Amino acid sequence: MTNPALNFSREEYAARLNQTRKAMAKAEVELFVVSDPSNMAWLTGYDGWSFYVHQAVVVTMTEDPLVWVRTQDMPGAWQTVWVSDENVVTYPEEHVQNPPHHPYETLCKHLADRGLSTARIAVEMDNYYFSALCFEVLRRGLPQAKFADAQELVNWKRAVKS
């Protein structure tokens, strides 16, 4: 396991994850796809400068989050996140702005491989980094899932500073 340079203690990140999970339970969602870079950093420490390509943190109710980035960003994620290296998952460079591929197709596969294809999934609908096409690819790739908007679920948690 990489020894990441964290900006906060692991206990602080655990408390943030716990707050997020409580809010998820209140919103009756099982999985949360976090695509806002500030929210991703708040939850995991991920400090990627590649915000111009698709990336996300996937929070479930029980497992450590997944950090989903393009393949070339994996080493940077290993250096900045508290989750295990195995929880940093990727998509290939050929999916970046290269129709007919879309990065969210691989996120669907990662979720399906973990048995999460029928979950009630929250996404940040009014987010600069989450497009209508991202949402459509998720819906097509996970047809049995149910979707909900959780735009400000993490934002309001971040308002209280450590």
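**View 1. Helix α5 gives the most to the lining of the second largest pocket, with 3 residues.** The model is predicted, so local features are taken at pLDDT of at least 70 and side-chain atom pairs at pLDDT 80 or more, whereas totals for chains, interfaces and linings use all residues. Residues are numbered from 1 along each chain as its sequence is written, and side-chain values use heavy atoms, without hydrogens and water. About 290 Å³ of space lies in this second largest pocket, and of the 19 residues that line the pocket, H54, H95, Q97, H102 and P103 are the closest to its centre. Two helices, α4 (103-113) and α5 (132-141), each supply at least two residues of this lining, which by class has 11 nonpolar, 6 polar and 2 charged residues. (Pocket: an open set of points on a 1 Å grid where a 1.4 Å probe fits, with protein on both sides within 12 Å along at least five of seven lines; lining residues have an atom within 4 Å of a point. Volume: the space filled by probe spheres set on the points. Nonpolar: Ala, Val, Leu, Ile, Met, Phe, Trp, Tyr, Cys and Pro; charged: Asp, Glu, Lys and Arg; polar: the others.)

**View 2. Q97 and P100 are shown in the loop between β4 (88-91) and α4.** Q97, which is among the residues closest to the centre of the second largest pocket, has a phi near 45°, a positive value in a residue other than glycine.

**View 3. The largest pocket has a volume of about 410 Å³.** Of the 23 residues that line this pocket, F8, R16, S38, A41 and W42 are the closest to its centre. The elements that give two or more residues to this lining are α1 (10-26), α2 (37-44) and α6, and α2 gives the most, with 5 residues. The residues of the lining of this largest pocket divide into 10 nonpolar, 7 polar and 6 charged.

**View 4. E28 is found in the loop between α1 and β1 (31-34).** Although E28 is not a glycine, its phi is positive, at about 60°. E28 counts as exposed, with 61% relative accessibility.

**View 5. Q151 is buried, with a relative accessible area of 16%.** Its place is in the loop between β6 (146-149) and α6 (155-158). From there, the side chain of Q151 reaches the backbone nitrogen of D126 at 2.9 Å and the backbone nitrogen of M125 at 3.5 Å, as polar contacts (N or O pairs within 3.5 Å, one able to donate a hydrogen and the other to accept it). Leaving aside its neighbours within four places in sequence, Q151 is in contact (heavy atoms within 4.5 Å) with V123, E124, M125, D126 and N127.

**View 6. The chain as a whole has 6 helices and 6 strands.** The C-alpha trace spans about 40 × 35 × 30 Å along its principal axes, and buried residues make up 48% of the 162 residues in the chain. Of the contacts with a separation of 6 or more, 63% are accounted for by residues 24 or more positions apart.

Note on methods: Helices (H or I, at least four residues) and strands (E, at least two) are DSSP runs, numbered from the N terminus. Buried means under 20% relative accessible area, exposed over 50%, partly exposed in between (1.4 Å probe, protein chains only).
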